[in-house]
Amino acid sequence: MSRYLGLAAILVLALIAPFFVYSVTLMTILVFVIFASSFNLLLGYVGLLSFGQAMFFGAAAYITGHILKTTGVSLEIALLGGTLVGAVMGFLVGLVAVRRSGIQFAMITFAIAQFVYFLLLQSEFTGGEDGMQRIPRTEIFGFIDLSDNFAFYYFVLAVTVLSIAFFYRVVHSPFGEVLKAIRDNEPRVESLGFKPDRYKLVAMTLSAGMAGLAGGLKATVFQFATLTDVSWHVSGEVIFMTLLGGLGTLTGPMVGAGIVIGLNDHLAQFGEWALISQGVILLAVILFFRRGVVGELGAFVRRYKAGGRK
Amino acid sequence: MFDGISIQLLMGQLLIGLINGSFYAMLSMGLAIIFGLMHVVNFAHGAQYMLGAFIAWLLLNTLGINYWGALFIAPVVVALFGIVMERLVLKPIHHLDHLYGLLATYAVTLIIEGLIRQQYGSSGLPYSSPIPGGVNLGFMFLPWYRLWVVLFSFAMCLGTWYLIEHTRLGAYLRAANENPEIVESFGINVPRMITLTYAFGVGLAGLSGVLAAPIYQVSPSMGSSLMIVIFAVVVIGGMGSIMGAILTGYLLGVVEGLTKVFYPEAANLVIFVIMILALILRPQGLFSKKEGA
């Protein structure tokens with residue numbers, strides 16, 4: 001019950017937020033909510049640490065931008081294209097990466113992400129070092145004009161809500177139960193006749209597709225795509241968000257994305273201190289608060305309730 | 001096939017490949033040693049390598065201590081840093097999923113790189129070669145310093161390999177990797193051995209950093225860009241195999257150099273392509289002894 005109240009409160013906040021906060025900042029948060037949730041699906045629910053999640057995000061940003069620049073189709077088609085490219089990449093990377101378990105999965109995704117980075121750097125259509133500029137924001141469904149950021153915010157919010165619902169469905173489906181079981185005890189799942197590698201591959205595809213959707217949205221929010229979107233710093237940032245918010249919870253990535261984007265906004269003027277504080281906070285989370293903000297709050301509330309009954 | 005490719009270009013790139021390969025070999029060896037005993041993928045390896053180079057630069061520019069002094073001092077300082085880091089950061093999370101080790105060392109990397117960049121900026125700092133000049137071999141010019149790096153790092157790799165695979169100390173290490181409880185019951189202080197092993201691996205990274213200072217520019221990001229390649233090298237060679245890491249390191253350095261000669265566009269990509277092929281064709285690692293390890 002309290003969880004639904006919490007979600008409702010977040011939704012109300014999200015609906016009125018653009019009256020108080022710069023809508024581009026808010027859209028950045030929403031984009032990273034989807035992106036961090038895609039990462040969380042792998043690490044939080046399957047136990048796979050994707051250290052190259054930015055390759056799906058960044059590549060999809062370029063592809064979505066390229067579709068919009070060259071074809072003039074309506075926005076949702078271009079976003080779908082980015083999502084699809086992300087998913088296909090996720091499937092291909094998964095084919096190679098799930099062959100090694102545990103820690104090596106992280107190293108392989110990290111290295112393949114760099115491979116994708118160099119590929120995009122050398123491709124003609126991406127604009128190389130300069131990035132892809134002036135991506136048009138076409139009408140949605142061919143007739144709804146969203147060139148105004150205030151209006152566009154509500155579109156991004158709707159996509160985010162649908163994405164969260166999607167993650168909720170995946171995690172709470174029988175398929176999601178198998179994923180969690182793989183995370184907790186892979187040999188046992190295998191002995192029950194499931195094929196963990198196949199489940200991981202599907203999870204990887206779904207996660208990468210959603211990361212692609214986030215990347216496509218990012219390209220339409222900012223109307224540009226750059227190599228930064230594919231860099232390992234972005235892969236690291238999404239790890240930071242998820243761990244800070246709370247691994248393996250649906251609300252964790254939302255809270256984490258909100259805090260980190262807000263923090264970056266405030267620390268931007270202090271140069272390197274933004275990255276340094278990220279490192280310090282991440283280290284503190286790993287050493288002392290592994291449940292993240294949402295997890296620790298939940299534990300606190302439970303303890304408080306248990307104490308009250310005595 | 002050799003049409004239009006001069007012998008100078010070929011030999012020059014081979015030498016660069018051998019130099020890069022030396023660094024790949026030394027760093028992946030350190031990573032393999034640390035992983036072998038602690039099951040921690042030391043993401044900070046690149047940052048510790050960069051620290052070695054920076055300490056060398058600082059020693060020269062503030063205390064006037066030259067390269068040869070730095071070659072001894074910097075690795076020791078970096079190793080001490082490793083001891084502190086192992087005790088404060090890695091030991092408390094040793095009992096957790098090993099993913100946390102990777103993430104914690106990643107966090108430390110952000111902190112180190114950020115602090116250095118904040119203090120010294122992100123552009124490269126020059127460090128002049130301690131052995132200027134070189135020899136003209138007729139078909140190419142071989143700088144003395146580069147020859148020194150190739151020979152010295154080769155000796156370091158062989159020495160470390162011998163130490164771990166063929167001495168009593170190395171046998172303890174390998175035994176502690178297999179079964180720490182039994183080794184402990186023989187009266188060996190395994191936690192201290194873990195700390196010292198980490199310090200040794202990290203010190204190696206610092207030493208590589210000093211070696212690298214006169215060749216590459218000393219810059220805050222010199223380590224993390226190398227780290228990506230090192231991960232690929234270790235994945236190709238198979239985790240935990242020291243000789244595998246060394247051989248793969250040299251091999252990939254040379255292959256990368258040759259790619260620059262014959263197909264320059266792919267030079268950035270070739271290592272990752274090899275990694276993907278190796279994963280498809282030999283998922284357990286080129287030099288891995290254990291099936292599926």
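**Note on a predicted two-chain model**

1. Start with one residue. Thr195(B) is buried, because 20 other C-beta atoms lie within 10 Å. A residue counts as buried with 20 or more other C-beta atoms within 10 Å of its own, as exposed with 12 or fewer, and as partly exposed in between; the C-beta atoms are placed from the backbone. Thr195(B) sits in helix α8 (residues 190-212) of chain B. Leaving aside residues up to four places away in sequence, it touches Ile83(B), Glu86(B) and Arg87(B). Touching, or contact, means C-beta atoms, placed from the backbone, within 7 Å. Phe272(B) is 77 residues from Thr195(B) along the chain, and their C-alpha atoms are 32 Å apart.

2. Some ground rules. This is a predicted model, in which local features need pLDDT of at least 70 and side-chain atom pairs count only at pLDDT 80 or more, while totals for chains, interfaces and linings use all residues. Residues are numbered from 1 along each chain as its sequence is written, and chains are lettered from A and ligands numbered from 1 in the order in which they are written.

3. Chain A has 13 helices and zero strands. Helices here are DSSP runs (H or I, at least four residues), strands likewise (E, at least two), and both are numbered from the N terminus. The radius of gyration of chain A is 19 Å, which agrees with the value near 19 Å for a compact globule of 310 residues. That radius is taken over C-alpha atoms, and the globule rule is 2.2 Å times the number of residues to the power 0.38. The C-alpha atoms of chain A fill a box of roughly 60 × 45 × 40 Å along the principal axes. Buried residues are 50% of the 310. Of the contacts in chain A between residues at least 6 apart in sequence, 77% join residues at least 24 apart.

4. Chain B does have strands. Its count is eleven helices and two strands. The order from the N terminus is α-α-α-α-β-β-α-α-α-α-α-α-α. With 293 residues, a compact globule would have a radius of gyration near 19 Å, and chain B agrees at 19 Å. Its C-alpha trace spans about 65 × 50 × 35 Å along the principal axes. Buried residues make up 48% of chain B. Contacts between residues at least 6 apart in sequence join residues at least 24 apart in 76% of cases.

5. Now the interface. In it, 34 residues of chain B contact 32 residues of chain A. On the chain B side, the elements giving two or more residues are α4 (99-120), α9 (222-237) and α11 (270-281). The largest share, 14 residues, comes from α4(B). That side divides into 28 nonpolar, four polar and two charged residues. Nonpolar covers Ala, Val, Leu, Ile, Met, Phe, Trp, Tyr, Cys and Pro; charged covers Asp, Glu, Lys and Arg; the others, Gly among them, are polar.

6. The largest nonpolar core has 192 residues, and Ala59(A), Ala111(A), Ala53(B), Ala232(B) and Met275(B) touch the most other members. Such a core is a set of buried Ala, Val, Leu, Ile, Met, Phe, Trp, Tyr and Cys residues joined through C-beta atoms within 7 Å. Which residues does Ala111(A) touch, not counting residues up to four places away in sequence? They are Ile228(B), Phe231(B), Ala232(B), Val235(B), Phe272(B) and Met275(B).

7. The expected span is 1.5 Å times one less than the number of residues. In α9(A), 21 of the 27 residues are buried. Gln223(A) follows, with a positive phi near 60°. Helix α10 (residues 232-245) of chain A is largely enclosed by the rest of the structure, because 13 of its 14 residues are buried. Just after it, Gly246(A) takes a positive phi of about 140°. Helix α11 (residues 251-267) of chain A has 17 residues and reaches 24 Å. Its buried residues include Thr251(A), Met254(A) and Ile261(A).

8. Two loop residues to check. Arg134(A) is not a glycine, yet its phi is positive, near 50°. It lies in the loop between α5 (103-122) and α6 (149-171) of chain A. Arg134(A) is exposed, with 9 other C-beta atoms within 10 Å. His39(B), also not a glycine, has a positive phi of about 60°. Its loop runs between α1 (7-38) and α2 (45-63) of chain B. His39(B) is partly exposed, with 17 other C-beta atoms within 10 Å.

Notes. Two residues are in contact if their C-beta atoms, placed from the backbone, lie within 7 Å.
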